[in-house]
Every structure is written in C-alpha cells, then in structure tokens.
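This report describes the structure shown below in plain terms. It takes up the domains, the chain interface and some local features in turn.

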Amino acid sequence: MRRSRFSAAIAVAVMTVVGAGGVAAGARPAPAAAAPGGQISVAMLQPGLLSPYRQTVMFDQVMLMYTSLVVIDDQNRVTMGQAQSVTSTDAQNWTITLKPGWTFHNGEPVTASSYVDGWNAEALKTNKMENNGFLMHIDGYAALNPAEGEPTVTQMSGLKVVDDLTFTVKLTAPDGQFPLQLTQAQTAFYPMSKAGLADPAAQDTMPIGNGPFMMTKPYKDTEDLELVAYDKYQGKQPTSGKITFKLYADPNTAYADALADNVDIAGVPPAKMSVAKSDFGDRVYFNAAPGIAGLGVSLWDQRFENPKLRKAISMSIDRAAVNKAIFAGALTPATSFTPAAEIGTPENACGESCVFNPEQAKALLAEAGGWTGPLEIHYPGGLGIDEIYQAYANQIRQNLGVDAVARPSTDWASFASAREGAQFSGLYFSRWGALYPSMQNTLHAFYTKEGGCPNCVAYYTDEITAALQAADAEVDQAKAIELYSKIQTDILARDLPWIPLFYETYNFVTSTKIKSMTAFAGVPIYEAVVLAG
Amino acid sequence: MGRYIRRRLLELVVVFFAVTFLIHWFVYSLPGDPLLTLAGDRVVAESVRNELSHKFHLDRGPIVRYLYYLNDLIHGRLGYDLRGRAISDRLRARWPITLKLGLTAWLLEVVLGVGLGVVAAVRRHRLADRAVMLGTVLISSVPYYVMALGAQWLFGMRWRWLPISGHRQGWPTSYLLPAFVIALYGLAAIARLLRGSMLEIDDAEFMRSLEAKGLARGRIVGVHMLRNAAVPVVTFLAVDLGFLIGGTVVIEGVFNLPGVGQLLYGALRDHEGPTIVAISTVLIIGFLVTSAAVDILNSVIDPRIRRD
C-alpha cells in the first residue's frame, strides 16, 4: 500500500504553476520517441453517458478527454492542470486563474466563462444533470435547486467572471480542501465549451473537452470507443496516439482477452483475484485506491447502542486471514477510518479496535451484556461478493460465539432502498470510494447528512459536525490534516460507529505490449503508459 | 377460416393488454428505488431525483403510469430510459446483433434438427438412430453456460477457428460459435420431436395404403410423413424463434455481443423500468404475432385444428 509521504507538502500557497505542462517534472515517465504512433486498448464494461456533468461510470474516458483545473499526479502530489493558480486567504472566497492559450477540441478557447457558464447549467435543477449535487457547496446553488417548484434564477451568486482567464468562487462555508475537489475524477468541475452548452445532449455521446484525447465521431453504445490524441493539446503529450476502449459484457471475457493479448489493459474480476499473479506475473497491478470498505452498523437499532459491542465485533474479525483467503492478500487491512491513499491519513487511528483479538472481543461482548439471537450481515446480492460476507459471518461466529449470518438482497437497488429506509437491522455492506484523495471526502461522506453516501452509517453528532467544520475551515493543509486525523483518533476510535475492514485497491492486468503504468487514485494514467519494445 | 383468424386476433389483443399491464405492475413494484442506483453507490441530488421521479411518473400510481405508457405506445413511442436516452435508438443499435444471432441459430436448428430427426426416424433402431438419440440426450444434459465456455475453449482457443468475443468480425464469423451453441439445444429437441412424430405416423393405417399403392419410399417420407409430422415441429420452431430473440441473455453475455438480451439484463439489474417495459413490449408483440401466425399456418397444414 502506498503511504502518503506528502502530508505537509500541499499548502495552498504552493499551488501555483508547476512547469508548463502543469505536472511536476519526473512525475510521469517520459514518452518514448516513437510513442505518438502507438496505440493501446482498454477493456470497458457497461458504457454510459460521456458528458462530464452526467457521467457516473465513464471516469476513465472522460478524464482522458478533459484536463481538470487541479491534477493529482501518480505520487499523490497536487499540481496545476488547466489552472495557473487556485488561491484563497479565508478558504471561502477562491480565485481561480487559468493558463492562457488552451483550447477545446473544436478550437474554442478555454476561458473563465467556460467554467462559470458550465457549472451554472449543471447546477440548474431543470437540466436534470446527475452530477448536479457536486456543486452544492457553491453559494447560490440552493436557489437553482428549490425543493418545490421551478427555480427563479439560472446563475449561482457565488460564481463571478473577473476577466477572460480569472473567475471567483464563493462557497457556502469555508473549505480549505476546495482545490482538491477540482481534481481529475471530480468531472462535475470540468469546463464546458460554448458548443457544448448549446447542445448538451451531444455531449453525452461526444463531449468536446480540453484534454489530451478527443473523439472523432459520436459514441454508439454497442461499439468500441476510440480516442485519438488532440494535436493542439497544451499539456503534457500522451505516450500513445490512440486509445481504444473495447466493450465487454463480462469482465471474465476481458480478463481472458488480456491473457491472449487481445486487449492491453483489463480489470481483475473478483473471482480472478487469487489467480491473477500466476496468470500475469508482474503484469498485475493492485493499485492502492482512495476507497475503504467495512461494516456498517444499524445504529437505529438500540441493541447496537453500546460502543463495546461494536468494538467486540470489530476485534473478532481476523482481517489478515480474510485478506489471504478471499483477496489473495491484495488488500491492506484498515487501521484507520480513511483510506491510506488519502493525503495525510494517520496510521492506527482505529487503535486496538481494529486489531484481531478474540479474547478481548469476548470480554467486551460480555461487558456489553452479550448478544442473543442471530446477527445478520446484509449485503447487495448479484455482485459476486457473497464469499466475502460469508467469511465475515464465519469470523464473527467462530471468534465471538454469536450466530452471525450473511444475508444477500436480490440486487443493488433493493439493498440501497432497504438501507435508506432503515428496513433491516444488524451489520451491513458499507464502503466509500473517494473521488479526490483528501480525508475530508471520506469523513464527510460518512459522518454528515448531506455526505451522499447512502451505505455509510447514520452517525451525525454535533460533536463530529463541529470538528469537521473546524478542519474544513483550515487553509493550511498541514493543520487541516492534523484536525482530520484528530477526528479519527478522538471521536471515531472512541465510539467506533463503523467497523473499518480494508483499504481498497483497483486491480488491473496488462498485455505483454505494456511495459509499465502508473496510477492516479488507483486508476491507470492511460495517457502515460509505457509501451514495451 | 375468417372466423378463426378473427377469434385468434381478438385473443391476441386481450393477452397483450393483460401481459403488458402485469409486467408494468411487477417492474415498478420491485423493491428498490431505481433513481437511487443512477449514480452507483453515490446519490443523485434530491432536487434532480424529484424532477426525474416526476418525469417518469414514478410519483404516480400503477394505473396512471400504465395509461401514460399506452398513450405513448399508441403514438408509436417507446419512451426514454432513466438517463434520458430514447429507448428506440438504443434498441435500433442492438436489434441487428440479436436478430443475426437468433436467426443464425434458428437456421442451424432447422437444417440440422430436421435432418437428424428424419435420419433417426428412417433408420429407426439402427446405429444412426441410436447415435442421434444418445447425442441429443447428452447435449440436453449439459448446462448452457458450460457448453458455451467449452465451445469457446475448443473452437476459439485451442483450434482457433472462430472468434470467441465481440462482433468486430461481422456476420457470419462472429456469430457462428454462439449461434451453434444455442442451436445445439433446439436441434436436440427438434430431432427428438420430429422422430417421435414421424414414427407415430409411420404406424398409421394410411401409410400402409400408400406403401400398398406402390409409392416410392422417398416420396412417402418426404411428402406424406413429413407434412403430417410437421405440426408439432413448426409450433416448436415458432415458439423457439421468440425464445431465441428474447432469451439469449446468457450467450450474449458469454460471447460479448451487445444485443437486446444484454440491454434487458442490464435494465433488470438497474431496475430500469422504462427499458424493461419497452423491450418486453416489443418481444411480446413479436411473440404474439409469431404464435398467431403459426396457429393460422397450422390450421392450413391440418384443417382439423380450425374446428376446435
């Protein structure tokens, strides 16, 4: 697992231009001389919409077609992308200056209006954009999204164009992590060309971006998706001239095709985790991701009120044994409440509660008054994760002497609804994958009502709300990291409202054509893969 | 004859309304809010969810929703999926793939199934008959999925005759292997059905008269026996055509063909109500029309049916 070594190194003050390409020198491998002619193919499952304001499963493709304002590099460092600088003195009023001379794929210049107009259109309720909610912390968002009736305004009061290359953003509350929210996986914060604003539906099949790759024809969802290098791109040049996303229905077929060198990069399906190493040797990548998985606790049920009970359950699970048996040792057992891939995550914030200790677990259970009847672990069925939840149930049954049973739902939607309506009781599937590597993202998702994580826990106390607000308000990143860490060690470790299990990895295999590749937040940086030969 | 056809068409209309209403009702009463899954394990903003809920009449009762659907259908519209894409466009891209797969499989079934059935019947109780009988039992007892993977391994990976995934090489190359796997099951059924039905007829009295008349064996088998034995087989083939077009989900998945089956599977997984209903509607109409056509065809082949 990659640990963050950059905890104190990202003060907002240093977030100014880092070389013309916007990426620190040496962060990515230099492209081979013959590279622009090179082509790679990537397996793609389940195609969706491509507009950055609407996509929910097309991150890889959309990230290649746009360059975000701020870019996290393969070493988890914050660098500038389309932005020249992102600055603030009070963490609430931000000034964003753009690099000059950049253009969209259709030749239009990228200006401050490309952002302000794009975000306004995205935030307007009646446009029904899926990623609308990402903008909710911009001042004026609420006026565009009234609970009842039509909005009376179409522009957020918090966005102002200063000049062609400068605009300001006023947030609803101070937020020192705002620059990290402008990074590449947060596609809601991408710019929109004038042509794109005029014809939003066209962006769903052929977005006009400002990134290194572009489309030459609209996408049909029964075909492969082809991206070609944009020759007027102002950032770092990609190592290949064309990337083809090949459509697969079954991840196992994609995996087999990678083994046969028919596709260059494919994901590893859960069933192949244990054989991937023997199939692909050193062409397997278990990339540390800013995701964390654990067990939710139905805090709405009084029987789970005692933190000792929750700790007893946590201590009865031998994470290392599950990791070895189910995940081929690819994951890292969690020792904190935020993934290690998030900048500044402390080690062992969870303390002894996350360490396997069956004796103490039993003692704690007895202190909490024991448990009668079955203890159900609910999880969404049909995702191929049954084995994992059976293993957790076995662990709790064997080590705690509680009758734990794994209970699948029929599918994802029914699980999500049952969870939202608090229709079951016990432990449940719970995970969160952050789209930007700040502890803020995971902590907000879990412990604020508007966090947007339906599968997290309903643990919304005044104490943690105040602590989060204080950490958010900090412009100095080192201080912010300290405060976010303190929330974990002081509040979460004490109450253990949620049981951390594993830091997630995003897993990939490559054909023999790929020599090496790096990753951002677990996802391959396709534009920088190094080709063999 | 005219009365028979009119009655048959009336039945068709009644069945159509009953079935579409039931599907509609079931799909929208599945537990789980489809709008919750629009963004995976994230949530879509409340305001947008409300807006979509209103647009797709998810905030209305089942009868109102069904009436909206009928209104769309009368105007020839299949509606939009929850992402706002026209379902007819999505289907238009996928029908060619599913139809190519289904029809190729069906053709293989007809040619091989009828051929094997006739051979088995003519050579009854001899080696060829026994081989056909044993082979078809063997095929029927292997699960679909295993057969598909086995065929991929043998023809695709070991012998490298045919591609195992996708439709990049077009028809017929990309479709032969999946179609063959599907056809195996149908042809096994057809061969057995036809053999049984032909043998039954072989024992009929009129067969002896034909033989006594001195008619050539080939003519007896080809014209009299086959025509009389055809009714159950034609019925099976028609029903199977409907099944092939709607029920190739597994094969489309294994062989990575983005057809209607895959779209339906994805829609079921995501509780995509509008898409499930639209695809079902098209399939039901296709199914009802073919089965009505078959009944009418059968009544031509065998006039006794009309008198029922």
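A salt bridge is counted when a side-chain nitrogen of Lys or Arg lies within 4 Å of a carboxyl oxygen of Asp or Glu. Across the interface of domain 1 of chain A and domain 2 of chain A, this rule finds zero salt bridges.

The model is predicted: local features need pLDDT of at least 70 and side-chain atom pairs count only at pLDDT 80 or more, while totals for chains, interfaces and linings use all residues. Residues are numbered from 1 along each chain as its sequence is written, chains are lettered from A and ligands numbered from 1 in the order in which they are written, and side-chain values use heavy atoms, with hydrogens and water left out.

**Domains of chain A**

Chain A is assigned domain 1 (70–101 + 111–190) and domain 2 (291–504); such bounds come from an automatic or database domain assignment. Taken over C-alpha atoms, the centres of domain 1 of chain A and domain 2 of chain A are 31 Å apart. Contact here means heavy atoms within 4.5 Å. By that rule, 18 residues of domain 1 of chain A are in contact with 15 residues of domain 2 of chain A.

The size of an interface is often given as the accessible area lost when the parts come together. Buried area is that loss, found with a 1.4 Å probe and summed over both parts. Domain 1 and domain 2 of chain A bury about 1,300 Å² between them, and carbon and sulfur atoms give 57% of this. Of the area that domain 1 of chain A buries against domain 2 of chain A, 37% is supplied by A:Asn76, A:Gln177 and A:Leu180, more than by any other three residues.

A polar contact is a pair of N or O atoms within 3.5 Å; within protein, one must be able to donate a hydrogen and the other to accept it, and residues adjacent in sequence count only if both atoms are side-chain atoms. Eight residue pairs (both at pLDDT 80 or more) are in polar contact across the interface of domain 1 of chain A and domain 2 of chain A.

**Chain B against chain A**

In the interface between the chains, 40 residues of chain B are in contact with 40 residues of chain A. Chain B and chain A bury about 3,400 Å² between them, with 52% of it on carbon and sulfur atoms. There are five salt bridges across this interface, and 12 residue pairs (both at pLDDT 80 or more) in polar contact between chain B and chain A. On the side of chain B that touches chain A, α2 (46–55), α4 (87–122), α10 (249–254) and α11 (260–270) of chain B each supply at least two residues. Of these, α2(B) gives the most, with seven residues.

Helices (H or I, at least four residues) and strands (E, at least two) are DSSP runs, numbered from the N terminus. Chain B has 12 helices and zero strands. Its C-alpha trace spans about 85 × 60 × 30 Å along its principal axes.

**Salt bridges and local features**

Over all chains, a search of the whole structure finds 30 salt bridges. Two of them are listed here.

| Salt bridge | N to O distance |
|---|---|
| B:Arg49 and A:Glu420 | 3.4 Å |
| A:Arg494 and A:Glu463 | 2.8 Å |

The structure holds two disulfides over all chains, a disulfide being a pair of cysteine sulfur atoms within 2.5 Å. One of the disulfides joins A:Cys350 to A:Cys354, with an S to S distance of 2.0 Å. The torsion about the S-S bond of A:Cys350 and A:Cys354 is about 80 degrees, so this disulfide is right-handed.

B:Pro172 lies in the loop between α6 (144–158) and α7 (173–202) of chain B.

Technical notes
Buried area is the accessible area (1.4 Å probe) that two parts lose on being put together, summed over both.
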